[in-house]
Amino acid sequence: MTGLQLSAVAGKGSGASAEDAGEEDRLLGAYDEEYPADLRRINVSVTGMTCAACSNSVESALMSLNGVVKASVALLQNKADVTFDPALVKDEDIKNAIEDAGFDAEILPEPSTSHSKTGGTVIGQFTIGGMTCAACVNSVEGILRNLPGVRKAVVALATSLGEVEYDPTAINKDDIVTAIEDAGFEASFVQSSEQDKLVLGVTGIASEMDAQMLEGNLCTLKGVRQFHYDRTSKELAIHFDPELLGSRALVDMIESSSYGKLKLHVKNPYTRMTSKDLEESSNMFRLFTASLFLSVPVIFMKVICPHIPLLYSLLLRRCGPFQMGDWLNWALVTVVQFVIGKRFYVAASRALRNGSTNMDVLVVLGTSASYFYSVCALLYGAMTGFWSPTYFEASAMLITFVLLGKYLESLAKGKTSDAIKKLVELAPATAILIIKDKGGKVTGEREIDALLIQPGDILKVIPGTKVPADGIVVNGSSYVDESMVTGESAPALKEVNSSVIGGTINLHGSLHVQVNKVGSDTVLSQIITLVETAQMSKAPIQKFADFIASIFVPVVVTLGFLTLLGWYFAGVLGGYPKEWLPENGNYFVFSLMFAISVVVIACPCALGLATPTAVMVATGVGANNGVLIKGGDALEKAQKVKYVIFDKTGTLTQGKATVTTAKVFSDMDRGEFLTLVASAESSSEHPLAKAILGYARHFHFFDVPSAIKDAQIKGLESKSSAWLLDVSDFSALPGEGVQCFIGGNKILVGNRKLMTENRIAIPNHVENFVVELEESAKTGVLVACNNDVIGVMGIADPLKREAAVVIEGLKKMGVTPVMVTGDNWRTAKAVAKEVGITDVRAEVMPSGKADVIRSFQKDGSVVAMIGDGINDSPALAAADVGMAIGAGTDIAIEAADYVLMRSNLEDVITAIDLSRKTFSRIRLNYIFASAYNIIAIPVAAGIFYPWLRIKLPPWVAGACMALSSITVVCSSLLLRRYRKPRLTTLLEITVE
């Protein structure tokens, strides 16, 4: 886990092959050209191009757009580089132009670090209240994307969050909040990628004078740009210059200037979001209980009172033009309809104002029709003496059940984001800072807010507490439980120079840790960001729900209107008997109740929640199991994987090469031979070179006089290179080995290809020895001096213990494993045979791995690549699903769609199995949501009434609608019970 860096964006396309170099220059060389500052440049992935005519077609399509200054298309890289004026053309216009030309296009994310963007843009996170379905999401996204200065906007219904990438010079967060609120939704700013803002909770302010003292002190502080103190929430927001002022120094200065009266603590943005979620749930509960309190008397008067003569006689008593019961019904339901139900009218009006429709429109139509018909029936009865039945209870109970559904839905949706809440809780609230004087002597300790830790701080971590931030152990030793971050159950030993991860638990000894990463750079923060970004992303299957949502409400309203007309004219024309009509009722009232039931029973929310809730739960479950998923797209592709391609070194093997054999084929002494080889390899960074050097050093250590040995034992010279020989004209030859001169002799260390190119004959007995090594899954390294082979080194990289059973498990799951390696064929086949892989590709250069993947993709198969090194990143990017081993390099992790935190191959099975279970659940959700509407709407419309006399009152239809959304969310929540597949079960192994 050393130096692990996780990216919130899977950056595809890193590491083009050598033969693409010319095109790389063509595409990237444009970056050196000078353009006005107001122009913008983006990269677009273009798929479907097969020849130069295709790339020319794309270029022409782009250049035809008004505002595009330059467009360059690279055929082999499937990329377009576009420079344009953002005032005249937007990203979506460029994407649409390419798609209109007949190709698939995707705007590539700009390079990012720590969730902040280059090019002067900022990513802001906002909570958005009042969204009920996919139509609301589409409406908000459309509003945000049309704002000047906004480059990208993504809104998630399940989390009620929006992420907006914007240019702070063109628009600020307040403008974005205002735009969302103008559209009729509730909005508040959560956090941004800006590093110069601090939100603090303030305690100790008892009067207005204290607040003025605080503001006066802030005005005098150098480096404070602006501040705002909210007297209601007692929150202080400060913008400061990080070049002049650190966050901890700022807090210390404010507290000291108040003479200790004020205490400040940093507000965690995630905690603030959680409190907003709780506030939303409690508000919905208050509305529901108020509505229920007013609706129960209405139902009581309608159902129970007619059986209680005394009460019924009171209700029938006339008071003015109406009976007492009518007055009570009207008064109670009016409060429910327009006071408690105000939120539905507001949400419906904003949806219609933005040219869209949602569930609130249906609720308003249904309840308003019931309410206003009942009012009209009363007025008509007062004027004519003909009293038609009223349906006040339908309106009241409908709103009550919808509010109940919303409350239960908010509770269930809150549970889908439990994974992020648990990750946030891993970080401790405080840390113990060790204070040193200028001479480095410890002078004391102090407890500080964990959010005020700075790089370079020395922190004391006592037994049983959490490590506050990522860093290096500078004193002490202990075992640390890293399971909550990496999923690895066994505690890890931490000694001086060991790296530690923030959020892990120190079990035994006391540690002094020097912090090297804080804030968004820590592993825990990046995991949170990764999970959050994955939950914000939309799986391609979501497009189906978005399309249905866009047409759902107009279709349902049309069906409701047709139901009204159908039943009404059928009755007028004698299509059914008058006995079907309610007492004192007429054909219009009878038809209207069916129409209202159709409108309120239909539910677009269930469809809209089917995918995002399942993806949210799955990404959280994956994180808890050490599998980080970078989005819904990756989840959807992984469940279709047909081939899994494994790199050999570091993936199937442990990545710890060790020398097992050193055979000398000359009169040279063994120690002299090892010294010669080690000297030649000492300048190489290759893993095999390091293995040889380590073996030679070990041999040298046990073959030196005892006095020197004692010094080495004490650690004085354990890494000494004094015994190595002087090397000149050293050169490393990729894929072959190294060559150099030592003492005037030409030394070659490498494979057969290196020997052949230097016209060095390999004797038969040496060749046989090398073949024997390769057939036993070892790599043979030949050593030559002055055109003669003088020896061979046998190097082995042990297989991971779980490799063979994982390969067998994948076969049981219907997935074909393939091994691709740069090693020689004999070694590759020997390793493949040992783990059970039959399809092997050996002696493949890094750029060739991507070609191997493309060969499997030709028939439309979905291919996953498992790798760990820099040389795997082109293949990880080329694969449909890239999985990076967690202990691998930053570049490999950047290019992957999945990160296996534990570096355990069993997690490959977990990743594929989880994606399959997730999409089975999504399909089940869609089936339920679709079947519900397909069955419920005809039943509500009275299709079966003539035969079965089944009729759903509007309030029952409303209850069904509310329960449909809850059922879908609860179905997704069942994924929280997911357990990793046990290999013994998968392989049908019986354990005695």
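This is a chat about a predicted model of a protein, starting with the whole chain and moving on to single residues.

Colleague: I'm new to this one. How many helices and strands does the protein have?

Modeller: The secondary structure comes to 35 helices and 38 strands. Keep in mind that this is a predicted model.

Colleague: And what share of the residues is buried?

Modeller: Buried residues make up 51% of the 992 residues in the protein.

Colleague: What about contacts, how much comes from residues 24 or more positions apart?

Modeller: Counting contacts with a separation of 6 or more, 69% are between residues 24 or more positions apart.

Colleague: What's the mean pLDDT?

Modeller: The mean is 78, and 83% of the residues reach 70 or more. Over residues 111-119, though, the pLDDT is below 50, and that stretch has 19 contacts in the model beyond near neighbours in sequence. Residues 1-35 also stay under 50. For residues 1-35 the model has 92 contacts beyond four places in sequence.

Colleague: Okay, changing topic. Which residues form the nonpolar patch on the surface?

Modeller: Phe300, Val303, Ile304, Ile308, Leu310, Leu311 and Leu314. Together they have about 580 Å² of accessible area. Helix H8 (269-304) and helix H9 (309-316) are the elements that give two or more residues to the patch.

Colleague: Let's pick Leu311. Where does it lie, and what is it in contact with?

Modeller: Leu311 lies in helix H9. Setting aside neighbours within four places in sequence, Leu311 is in contact with Phe300 and Cys305. Leu311 counts as partly exposed, at 34% relative accessibility. Its C-alpha atom is 10.0 Å from that of Gly325, which is 14 residues away along the chain.

Colleague: And Leu314, where is that one?

Modeller: Leu314 is in helix H9. Its relative accessible area is 39%, so it is partly exposed.

Colleague: Now salt bridges. How many does the structure hold?

Modeller: It holds 15. One of them joins Glu141 and Arg145, with the closest N and O atoms 3.6 Å apart.

Colleague: Why are Glu141 and Arg145 separated by about one helical turn?

Modeller: Because they are 4 residues apart in helix H4 (residues 134-145). In general, an α-helix has 3.6 residues a turn, so residues three or four places apart point the same way. Glu141 is buried at 6% relative accessible area, while Arg145 is partly exposed at 34%.

Colleague: What about Lys637 and Asp633, how do their side chains meet?

Modeller: They meet in a salt bridge, 3.8 Å from N to O. Lys637 and Asp633 are 4 residues apart in helix H20 (residues 632-638), so about one helical turn separates them. Lys637 is partly exposed at 31% relative accessibility, and Asp633 is partly exposed at 36%.

Colleague: Which residue does Lys849 form a salt bridge with?

Modeller: Lys849 forms one with Asp647, the closest N and O atoms being 3.0 Å apart. This pair links distant parts of the chain, 202 residues apart: Lys849 is in helix H29 (residues 846-857) and Asp647 is in strand E27 (residues 641-647).

Colleague: Are those two buried or exposed?

Modeller: Lys849 counts as buried at 3% relative accessibility, and Asp647 is buried too, at 5%.

Colleague: Which residues are linked in a network of salt bridges?

Modeller: Arg752, Glu767, Glu774 and Arg826.

Colleague: Last topic, the backbone. What's the phi of Arg759, and where is it found?

Modeller: Arg759 has a positive phi of about 55 degrees although it is not a glycine. You'll find Arg759 in the loop between helix H25 (752-757) and helix H26 (764-775). At 80% relative accessibility, Arg759 counts as exposed.

Colleague: And Asn786, what's its phi?

Modeller: Near 55 degrees, a positive value in a residue other than glycine. Asn786 is in the loop between strand E32 (779-785) and strand E33 (788-796). Its relative accessible area is 36%, so Asn786 is partly exposed.

Colleague: One more: how far does helix H32 reach?

Modeller: Helix H32 (residues 906-940) has 35 residues and reaches 50 Å from its first C-alpha to its last. That is close to the 51 Å expected at 1.5 Å a residue. Just after H32, Gly942 takes a positive phi of about 85 degrees.

Note on methods: Residues numbered from 1 in each chain as written. Heavy atoms only, no water. Patch = residues over 30% accessible without salt bridge, like charges linked within 9 Å, V, L, I, M, F, W, Y side chains within 5 Å. Areas by Shrake-Rupley, 256 points an atom, 1.4 Å probe, with all protein chains shown as cover. Salt bridge = Lys/Arg side-chain N within 4 Å of Asp/Glu carboxyl O. Buried < 20%, exposed > 50% of the residue type's maximum accessible area, 1.4 Å probe, protein only. Expected span 1.5 Å × (residues − 1). Contact = heavy atoms within 4.5 Å. pLDDT = per-residue confidence, 0-100.
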